[in-house]
Amino acid sequence: MFTGLIFLAVIIGSIVFHVWTPWWWTDIASNWSAMDDTIILSFWIGGGVFILVCLFMVYCIFRYQYKEGRRSEYKPEDKKLEKGLTWLTTIGVVALLAPGLVVWNNYIRVPDNAIQVEVMAWQWGWKYRLPGKDGKLGASNNRIISDDNPYGLNIDDPNGKDDVFVESNELHLLKDRPVKILLRSIDVLHNFYVPQFRSKMDAVPGTITYYWFEPNKNGEYEVLCAEYCGVAHYAMRGKVVVEDEGSYNKWLSEQETFSSFTAKNIDNKLNKKKLVKINNLSSNKNSILKEQDVR
Amino acid sequence: MSDELNINKKRKNQIKTKSSAASGRGETDIDYVRPAELPEQDLYHGHSFITKWIFCQDAKVIGVQYTLTAVFTGVVGLILSWMMRMQLGYPDLFPFLTAETYYQMVTMHGMIMVVYLLTALFLGGFGNYLIPLMVGARDMVFPYVNMISFWMFFVAVVVLMASFFVPGGPTGSGWTLYPPQAILEGTPGSGYGILLMLISLSLFVIGFTMGGLNYVITILQARTRGMSLMRMPLTIWGIFTATVLALLAFPALLVSSIMMTLDKVLETSFFMPTIIKAGEALSYDGGSPILFQHLFWFFGHPEVYIVALPAFGIVSDLISVHSRKNIFGYRMMVWAIVGIGALSFFVWAHHMYVSGMSPWFGFFFATTTLIIAVPTALKVYNWILTLWRGNIRINTVMLFCLGFIVTFVNGGITGIFLGNVAVDVPLSDTYFVIAHFHMVMGIAPLMVIFGAIYHWFPLVTGRFLDEKLGKLHFWITFLGAYSIYFPMHYLGFIGVPRRYFEMYDSPYMTSAVGMNEFISLAAFIVGAAQFIFFYNLVKSLRLGKPAGKNPWKANSLEWLTPDVPPTHGNWGEKLPVVHRWAYDYGVPGAKEDYIPQTTAPSEVKDAEVEKT
Amino acid sequence: MSDLNLDKLPGGFKGMSEDIGSDQTTFKGVNWGKAMMWIFLLSDTFVFSCFLVAYMKVRASVVEPWPYPSEVFALEMFGVPVPLLLIAIMTFVLITSSGTMALAVKYGYEKNRKMCGWFVLLTAIGGLTFVGMQAFEWSKLIFHDGVRPWGNPFGAEQFGAFFFMITGFHGTHVSIGVIFLFIFARKVFRGDFDTGRRGYFTTMKSDYVAIEILGLYWHFVDLVWVFIFAFFYLW
Amino acid sequence: MAETKKDQTSTHKIGIYLWIWGLLFVLSFFSYMVDWYNFQGLLRWSLILFFMFLKAGLIMAFFMHLFWERYALVNVLLWPMTAIACFVGLMVAEGKYTVFSRLFYFFVGGA
């Protein structure tokens, strides 16, 4: 009796918690509401199964508790029941899988009008590169990264000349315009993740990965690294600002392009020292570690 | 049902006619079982203390040795989890918890619990103890190799524990050990720590292979007379399939360990592309980090089932015995175990949906993954249908089984979320994943382990464990663990990423602080409750109620040995002869409500047995 | 002792379903040790497969050119480079030793102590020759051509790494096999298998079936070489 | 230990071993010739794989006696190979995808 009641309380408690929980997803700010919908669908089907199975279990506990001398039913198999349950489960699984595959199909096919944005991850921070007026990113290679060429761009590639460098943790995006995030890492695995955008993908050194989304709400969002990348993983944050065209263009015009960067670099050799500091990742790492020690 | 019956009848008739021709037996001999194919096994009996208890070749002693070693590592893992929860619940309170130590604890906790506790305990512990007893063998087929297997495992554990004491400490690369970070500066323990981990894993694989071959061959080739595969208890089916999986999956772990060791020591570039560290390019070039993930999960996913399948098998037996009812749909259960095992080799990359692998793989792996959901669901149905119309003893063992069903169904369903590729995108690498796998392969198998220990303790020691303490232990563990992991899913919905040393004050995460405190408190209590269990073990060893023979009135062979606890050689003079499956409970017409496997049909003439 | 007569059991898939449905043993008439060796080899197949799969994946995805094996492994003969000469000889040696092992197993079945012993010894010598040639090949690559696990003068640096790792792992298998072959040759000549002398460590009785088990292992080593030869040297 | 009746004796005529032995030499010679004549492309691949599987099959079937074993053992040994086949197939696809990404983003550019 007691046992059954507690198990019943666990089930009811789970439902109550689910319905009245204050912990729920942060408001979506991208086009991927379809992902939320598939989650809700999974909740209905999966939650239904959970409740039914557990309630049946509780019923059995109440109804068939041990009584001296009672015999249990002897029925090794019931073909019809088993077949029915198999089909029912199969239908449920298909109902879950089909929408999931459709959404995934959208996820890996990037719309043609998407803006390319390269996210360059390093231990531990973010940098970005945007295509210039030609809308194309130049070829890049980690091998040739140097102080004069912090993104390792191929000097001979004309596409790269007007690429825009964003050497800070902050990225601005246009509202209602799809972006294709090209992920690049110069050291270990990272993952560019903004919970409000729902989407994520690992940045893998030695190759380029991608995903896309369409931000549809103005605001500032925190970027989190979602793939463990070493001791300061938790401190690897960035910022995404979604805004309208006016302020976006203003921000864009303030950024440096590859050609202006190189030109400036040749003009002013003194500047180089400062750049070394920015690019010297180890100094950055130490500052993070120091901060931690202070704490 | 009926067609199987007919096949059985037909076969029996064939055998009968054959035998009557051969040995002149009468047509009417319904008790006939084929004579032995193999001569008696040749056993080495130890004489000194060392050969009897330390370098012992008796599978039962080896099983206990495995269990004790695994439980010891488990306690280490438990303490590590406490320390992690201290940091997560009360971030600034403990100055000795730095990010380095936190990540080291995360890694060691994960690896210990998955490999050195659960795998070793289910296969090494329960496998060694139960396989020879349940299939009616005198011992494992290669007792000497079996002994070496345990000592290899022991050395692996020693090497693992040694990594706590080397300069730099144990590796802090997460239990998945993903390169490049696992072997680069910037990850704690990237020097000696990771090397010792890889060596320890390799030793474990070698040791396990020795044991695994024993388990498989004992089950396939050393069953007693009358014990056909389809009469084996589901425990054996679960352990058998899991062992086969382990023999085929551990090679991938061995290979990836060797390759990563070479990457570390010889600076080869298997998994290492061009890497810029501190503004300078390292000597690596052209390797593929994703390859490691493929190899790791080609091992890692079957590993999940290596832990789950023995739990499935054992819980089926416990439920059946304690609800005094035959297991519902035995054949379906067997096929489900085998099917899940086979499919588990085709689903590995569902751990890698957002790893940057070829995006087309998503379709393939989502489909195969959700196919696995069907046999798994059927197993759940069959468990609850076994309870249905049974005669359920609500004792500690049954409580743990019920706890298993609730946590397993819960965790299984969140598994469908994560296996469904598009749903996985927002949820992967968040606390939802943590909650899911702790529920489904942490708590659920642990429930079975506890249930199994309460069930078989009388066999191993001849005494019962204390029921009152047992029930207390169960309720704290079950309710506590459920209230740790059920709310944790919702942290994942918020978007809290896993492996974060602390959250800082991201605006939408402040609401997680309160929950983290609650979860930590629950974790401390659940952890502490395990010491009730250890106390119970020690106390009952001396003072427990004597159990006598077959105290649960079970059917399977392990309870039918002449001596309790069974001695070396298990069966005394004569091997048992099996006449039926292990689930003849509540057979109409029989005197008792159970018919042990060795009972010949002529002894229970009136019983209307359906399955044989 | 037994009513098991393999000739009377049905064969094919019918026999298979009957074997699986029967009691006691699933592999009818297969010795425990032999069954264990088979399952071990299955597991070992997965080890080598993982090595080769990793090799294929990396080789398919490097952008630097992969060294051309038939030039790297060429041997100067009378001033002319002959591609893969040493490898060809090694292959022939290993196949030869596989053949002698097969004969040793055959004579083991027949409990022909002398012939069995000589063929086991011959196999061991073949294996030793193979290991020796492999040592020669390694030292040539290391000292003469400058191939290292972390790089080589010919192209993609994984070439050396995979070469040393995979052939090294295979060579370890061969070496272990050679050691056991010598031990077993001694055991055969001493007559252990005829008298059923007990093993020093395992305390179990010796039997000629051990030769068959060792044979399985040795043929497997040869089998792996077939795959390494195809994927590493010919690709 | 587990000795069963050997009256059916798995012993075979010596000829079959010598015959297979010779065949293996010939096949090895052929696969060596593939390199000697420097075939390229699909022809090279199909020849290499053909000789490889033929040799492997002969060794397994006759030297390792799998041809004479009962189907239970044969099937247990061969079915797991499907997992490897799946692994190989997917890794080939993955290798192609990686090399495509690398060439495209690191050398071609203009994404």
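Two strands are taken to pair if DSSP finds at least two bridges between them. Helices (H or I, at least four residues) and strands (E, at least two) are DSSP runs, numbered from the N terminus. The model is predicted, with local features requiring pLDDT of at least 70 and side-chain atom pairs counting only at pLDDT 80 or more, whereas totals for chains, interfaces and linings use all residues. Residues are numbered from 1 along each chain as its sequence is written, and chains are lettered from A and ligands numbered from 1 in the order in which they are written.

In chain A, six strands form an open sheet of mixed pairing, in the order β8-β5-β1-β2-β3-β11. The edges are held by β8 (209–213) and β11 (256–257) of chain A; each has a single partner strand, so one side of each is left without a neighbour in the sheet. Strand β3 (residues 164–166) of chain A runs antiparallel to β11(A) and is joined to it by two bridges. Thr257(A) in β11(A) is the bridge partner of Val164(A).

Chains A and B are in contact (C-beta atoms, placed from the backbone, within 7 Å) through 88 residues from chain A and 97 residues from chain B. On the side of chain A that touches chain B, two or more residues each come from α1 (2–20), α2 (33–63), α3 (79–108), β6 (190–193), β9 (219–225) and α7 (281–294) of chain A. The largest share of this side, 15 residues, is given by α3(A). By class, this side has 47 nonpolar, 26 polar and 15 charged residues, where Ala, Val, Leu, Ile, Met, Phe, Trp, Tyr, Cys and Pro count as nonpolar, Asp, Glu, Lys and Arg as charged, and the others, Gly among them, as polar.

Chain B contains 15 helices and two strands. Its radius of gyration (over C-alpha atoms) is 25 Å, close to the 25 Å that the globule rule gives for 612 residues, so chain B is as compact as a globular protein of that length; the rule is 2.2 Å times the number of residues to the power 0.38. Of the 612 residues of chain B, 64% are buried, that is, with 20 or more other C-beta atoms, placed from the backbone, within 10 Å of their own.

Buried residues of α4(D) include Phe87(D), Leu90(D), Met91(D) and Tyr105(D). The buried residues of α4(D) pack against α7 (234–265), α8 (289–322) and α10 (361–387) of chain B, together with α2 (32–61) of chain C. Gly109(D), with a positive phi near 80 degrees, follows α4(D).

How values were computed: Buried ≥ 20, exposed ≤ 12 C-beta atoms within 10 Å, placed from the backbone. Contact = placed C-beta atoms within 7 Å.
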